[in-house]
Amino acid sequence: MKIAIVGAGALGAVYGVRLASIGQQEIAFVVREARAERAAPLVLQRIDGDGAHHELVEPTYVTHVPADASVVIVTVRQDQLDDDLIVLLADSKAPVVILTPLFPDDETRLAKALGPRIFPTMPSVVSYEENGAIRYWLPKSATTAIESENAPAALHDLMRMLIDSGVTAHMKKGVLLENVATMVSFMPIAFALDVAGGVDALMKDGPLLRSALEAVK
């Protein structure tokens with residue numbers, strides 16, 4: 001299966017590199033022209049579990065969704081769920097898995113423009129970029145949940161490929177609302193990370209970390 005991943009940041013890199021290097025799938029990262037020309041390798045360092053290191057020395061970077069992609073996975077920032085993204089996705093007919101945090105109005109707008117091929121998905125990866133590598137957690141208790149209602153066979157295949165690549169995944173109804181609830185509860189952590197200036201800095205700031213955790217509760 002050929003899988004197009006829109007965005008090659010921390011989240012997209014983890015899913016893409018694991019699907020390519022462990023799951024042996026054909027992955028194309030859809031990026032801006034400047035990123036495609038730079039053609040930088042993608043390096044993963046897991047910081048929980050087995051601490052595995054995976055690397056794509058020559059990842060495939062493209063600027064448009066390949067016409068033969070069976071599935072498109074969107075991993076851009078939430079503020080990039082915009083008209084430019086709609087134009088980018090319009091040339092493809094493949095189902096679109098949205099790993100980006102998605103509010104109901106975003107889903108409505110995307111579905112209105114692109115039809116019933118938008119599938120909210122809850123990621124189970126926590127990742128960030130540091131010193132040229134993507135560091136990430138892949139908690140055993142977390143599951144990548146893909147919306148199951150009206151899901152085509154390609155998404156069930158994707159679920160199995162994620163599992164084969166070491167990412168726990170399942171099909172589930174009502175993922176959009178679960179995604180919203182989780183996103184809102186994690187907002188204080190995002191704010192705290194921004195204020196502290198990163199994960200390591202937040203972990204060293206006891207009062208700020210406690211305030212963030214209390215806000216989550």
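Please keep in mind that the model is predicted. From that cavity, this briefing moves on to a pocket, a helix pair and an aromatic pair.

**The cavity**

- Searching the whole structure turns up one cavity of 30 Å³ or more.
- The volume of the largest cavity is about 40 Å³.
- Two elements each give two or more residues to its lining: β11 (144-147) and α5 (153-164).
- By residue class, the lining of the largest cavity has seven nonpolar residues, two polar ones and no charged ones.

**The second largest pocket**

- For the second largest pocket, the volume comes to about 240 Å³.
- Its lining is made up of 15 residues, and those closest to the pocket centre are E107, I118, P120, E147 and E149.

**Helices α3 and α4**

- A helix pair is described by two things, the angle between the axes and the distance between them.
- Here the pair is α3, residues 83-90, and α4, residues 104-114; their axes come within 10 Å and cross at roughly 35°.
- The hand of the α3 and α4 crossing is right-handed.
- On the α3 side, the contact is made by I86, L89 and A90, while α4 brings in R109, L110, A113 and L114.
- Sorted by class, the residues in the contact of α3 with α4 are six nonpolar, no polar and one charged.

**Aromatic pairs**

- Across the whole structure, the search finds two aromatic pairs.
- One of them joins F29 and Y61: the ring centres lie 6.1 Å apart and the ring planes stand at 45°, which is why the pair counts as tilted. The cut-offs place this angle between stacked, under 30 degrees, and edge-to-face, over 60.
- This pair links distant parts of the chain, with F29 in strand β2 (residues 26-30) and Y61 in strand β5 (residues 60-62), 32 residues apart.

Methods
Residues numbered from 1 in each chain as written. Predicted model: local features only at pLDDT ≥ 70, side-chain atom pairs only at ≥ 80, totals over all residues. Heavy atoms only, no water. Axes fitted to C-alpha atoms, helices over the stretch in contact; angles between N-to-C directions. Helix = DSSP H or I, 4+ residues; strand = E, 2+ residues; numbered from the N terminus. Left-handed = near helix turned anticlockwise from the far one by under 90°. Contact = heavy atoms within 4.5 Å. Nonpolar A, V, L, I, M, F, W, Y, C, P; charged D, E, K, R; others polar. 1 Å grid on protein atoms, 1.4 Å probe; cavity = no way out; pocket = protein on both sides within 12 Å on 5 of 7 lines; lining within 4 Å. Points joined across faces, edges and corners; volume = space filled by probe spheres on them. Phe/Tyr/Trp six-rings, centres within 6.5 Å; stacked < 30°, edge-to-face > 60°.
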